[in-house]
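Please look over the model below before reading my notes. Each point takes up one part of it.

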Amino acid sequence: MVIPGGAKTLAKRKASKDNKVKQQQQNAPNSSRSAGAGGSSSTMLKIYTDEAQGFKIDPLVVLIFAVAFIFSVVILHVLSKLSGKLL
Amino acid sequence: MSFRILELVTPFRPFLPEVLAPERKVPFNQRLMWTGVTLLIFLVMSEIPLYGITSSDSSDPLIWLRMMLASNRGTLMELGISPIVTSGMVFQLLQGTQLLSVDMDNKQDRELYQASQKLLAIILSIGQATVYVLTGMYGRPSDLGTGVCLLLVLQLVCAAIIVILMDELLQKGYGLGSGISLFMSTNICESIFWRCFAPTTVNRGRGSEFEGAILALVHLLLTKKDKRSALIEAFYRDNAPNMSQVFATAIVFCSVIYLQSLKIELPIKSTRQRGPYGLYPIRLFYTSNMPIMLQSALSSNLFIISQMLYSKFPSYLVVKLLGVWEPKRGSQQLAAVSGLSYYMQPPSNFTEALLDPIRTVLYVSFVLSACAFFSKTWIEVSGTSPRDVARQFKEQGLVIAGHRETSVYKELKKVIPTAAAFGGATIGALTVVSDMCGCLGSGSSILLAVTTIYGYHELAAKEGGFGKSVSSGFAELGS
């Protein structure tokens, strides 16, 4: 089969197709939930998952924050036990 | 460009914390590790008591919601996941009813949507914490003093923010899936495990025995001379968890797993490229654990309202019709003894079900119909109705093999609503059965835990985990 326009058209077609795919990828939700297919059970709630422009936190920092919080509460308990009364 | 409600969150966005998304796909073992560590933190937080509380031995007004919200009384996890779930529900409802126009294909919109969800969750947690402290759940505010009140609110809000962040961490691809359902089912599993192996002792006049069912069995078998009566006692004691309940739980567990695997597979093929047939599975539990969640949320809310009204105005006829509450034998906890709430409350064991057959019939029919109804409604709300699925098929260029392109909708309409309604009713029936057999923990909580864990297992299998043995996986982690 002869393609009208020859190889140039083919190249153009491919480029536009690539562009389209790229566009789709950029717009595509980057997690199952935002795509509408909730996490573990497909019918659970849909809750934020994408990138947003808040201030970014490394996941390790979240864990450290959590552990620090737990320790501070424990220390409060210990201090109040030691001093024998609440603050 | 027109002004929209969603734009209101824009000024707050720089202040909302946000977990960094992973640069590339996190390997399965690492995701398992993240999930484990997060869970551990969650569990530790749900065991540490709040600093500054003086009393927490009154009747718990929220006992019906504890299971759903993964919360623990008097601990850092007092709020549990309620802020996230509430804000998620609100936004999904707003979006479902088209009050909030969000274009989910637009990245900008999605970002705004989730930022506002998070903002609402944080605001809700502050509000809830304040209400909890000021209504005197931990002792009268005047006794506590301003400093301790503030400290209590601060602790609760901090814990809530940590949970929000951990859920986000798990969802962004570090973990295996949704944090909310994970926390919920962990809490449930924990309580079931505790009832099996609790080392605490109860005394009912014949020496102390262990509260945990399995521990008690071993203890009674070892210490009693008459082995037969020891066995009977371990199986049928009524003041603490017993072995027959353990077996009932195991049976319910297995039957749920079996029922999970029932599905209809529609053969589908692509119209765009030639190739082999694929299968589109429609499970019996099409809406998974959603109907049971909605049903228990509905009845718990009704119980709470009725209890509150009864404690304030016990003499009104309407209030009495809604529910009359009296403390259960041997505990502070209230239970309904007549009125609408009584008929919506599960019978606590088989004898109770037999003693009041009218109540049993009403309760069973209520649960079955409510679950079927919620299931059918949920497919419309969540965008999994036959019409939506047919549209997805069309977008992806899929047709049901052996049918015309136009008849996809008709075929799906034959299967999906039936599956949803029947699946909802089945899940309701399972709840009723497990409540009447007196399983450890309520029927709905067991169902929730099993369906969530099964979902996780499926996900893990799809991700290619479990291919290698777990031990070799851990070896890799170490290296």
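How many residues does helix α17 of chain B have, and what distance does α17(B) reach from its first C-alpha to its last?

1. This is a predicted model. Helix α17 of chain B covers residues 408-436. That is 29 residues, reaching 42 Å from first C-alpha to last. The span is close to the 42 Å expected at 1.5 Å a residue. After α17(B) comes B:Gly438, with a positive phi near 70 degrees.

2. Now take a helix pair. Two packed helices are described by the angle between their axes and the distance between the axes. In chain B, α3 (residues 82-96) and α4 (residues 107-134) have axes that come within 8 Å. These axes cross at roughly 135 degrees. That angle makes α3(B) oblique to α4(B). The crossing is right-handed.

3. Which residues meet there? From α3(B) they include B:Ile84, B:Val90 and B:Phe91. From α4(B) they include B:Tyr113, B:Leu120 and B:Leu124. The residues of this contact divide into eight nonpolar, 10 polar and no charged.

4. Next, the sheet. Three strands of chain B form an open sheet in the order β5-β4-β8, with antiparallel pairing. Strands β5 (278-283) and β8 (398-400) stand at the edges. Each has a single partner strand, so one side of each is left without a neighbour in the sheet. From one strand to the next, the twist averages 40 degrees.

5. Strand β4(B), residues 263-270, pairs with β5(B) over six bridges, in the antiparallel sense. B:Ile264 has B:Ile282 in β5(B) as its bridge partner.

6. Finally, helix α16 (residues 386-396) of chain B lies across β4, β5 and β8 of that chain. It runs at about 125 degrees to β8(B).

Definitions and conventions: Residues are numbered from 1 along each chain as its sequence is written. Chains are lettered from A and ligands numbered from 1 in the order in which they are written. This is a predicted model: local features need pLDDT of at least 70, side-chain atom pairs count only at pLDDT 80 or more; totals for chains, interfaces and linings use all residues. Side-chain values use heavy atoms; hydrogens and water are left out. Axes are lines fitted to C-alpha atoms, for helices over the stretch in contact, and angles run from 0 to 180 degrees between N-to-C directions. Helices (H or I, at least four residues) and strands (E, at least two) are DSSP runs, numbered from the N terminus. Angles under 35 degrees count as roughly parallel, over 145 as roughly antiparallel, 65 to 115 as roughly perpendicular and the rest as oblique. A crossing is left-handed if the near helix is turned anticlockwise from the far one by less than a right angle, and right-handed if clockwise. Contact means heavy atoms within 4.5 Å. Ala, Val, Leu, Ile, Met, Phe, Trp, Tyr, Cys and Pro count as nonpolar, Asp, Glu, Lys and Arg as charged, and the others, Gly among them, as polar. The expected span of a helix is 1.5 Å times one less than its number of residues. Two strands pair if DSSP finds at least two bridges between them.
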